[in-house]
Amino acid sequence: MAIERTFSIIKPDATKRNLTGKIISKFEDAGLRVVASKRIQMSQAQAEGFYAVHKERPFYGDLCSYMVSGPVVVQVLEGENAIAKNREVMGATNPADAAAGTIRAEFAESIEANSVHGSDAPETAAEEIKFFFTDAELVG
């Protein structure tokens with residue numbers, strides 16, 4: 001199995017409810033290691049750039065507004081098959097469909113305020129990591 005890195009965001013709904021530690025514990029308990037992390041207030045320009053892939057979708061404006069509504073924790077997770085493992089630990093995007101024990105089943109408030117974001121492919125992970133972190137900040 002391949003050791004890989006993936007990108008994760010703990011979203012404003014979760015940071016507002018002080019769930020950062022509980023969420024990180026779920027990643028670590030699943031065998032993922034945090035190799036970079038910072039708490040930031042995402043700017044409108046950052047949100048628009050990060051979610052540019054969704055620009056033509058009807059939820060784009062609301063998504064960007066939500067992501068700048070409070071602090072987020074951006075992080076890089078590392079481990080065996082980290083992308084798939086992260087997505088498994090997060091659960092389905094819609095918390096109503098998320099398996100018991102997943103982050104979204106336990107903590108999400110809605111399909112939009114679903115507590116976490118995670119990369120969906122190696123190429124996406126590489127782009128998303130570089131969007132928020134320099135190579136020097138990856139200390140795993």
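Predicted model: local features only at pLDDT ≥ 70, side-chain atom pairs only at ≥ 80, totals over all residues.
Residues are numbered from 1 along each chain as its sequence is written, and side-chain values use heavy atoms, with hydrogens and water left out.

Back to Asn 81. Its phi is near 45 degrees, a positive value in a residue other than glycine. Most residues other than glycine have a negative phi. Asn 81 lies in the loop between strand 3 and helix 5. Helices (H or I, at least four residues) and strands (E, at least two) are DSSP runs, numbered from the N terminus.

Ser 115 also has a positive phi, about 75 degrees, although it is not a glycine. You can find Ser 115 in the loop between helix 6 (103-107) and strand 4. Ser 115 counts as buried, at 0% relative accessibility.

Now the sheet. In what order do the strands sit? There are 4 strands in an open sheet, in the order 2-3-1-4, with antiparallel pairing; two strands pair if DSSP finds at least two bridges between them. Strand 2 (33-40) and strand 4 (116-118) stand at the edges with a single partner strand each, so one side of each has no neighbour in the sheet. From one strand to the next, the twist averages 20 degrees. Strand 2 and strand 3 (residues 72-80) pair over 7 bridges, and Lys 38 stands opposite Val 74 in strand 3.

Helix 5 (residues 82-90) packs on this sheet, touching strand 1 (3-10), strand 3 and strand 4, where contact means heavy atoms within 4.5 Å.

Last stop, helix 7 (residues 122-132). Which of its residues are buried? They are Ala 125, Glu 128, Ile 129 and Phe 132. These four cover an arc of only 100 degrees around the axis, which puts them on the same side of helix 7; that arc is taken from the directions from the helix axis to the C-beta atoms. The buried residues pack against strand 1, strand 2, helix 3 (44-50), strand 3, helix 5 and strand 4. On the face turned away, helix 7 carries the exposed residues Glu 123, Glu 127 and Lys 130.

Definitions and conventions: Axes fitted to C-alpha atoms, helices over the stretch in contact; angles between N-to-C directions. Buried < 20%, exposed > 50% of the residue type's maximum accessible area, 1.4 Å probe, protein only.
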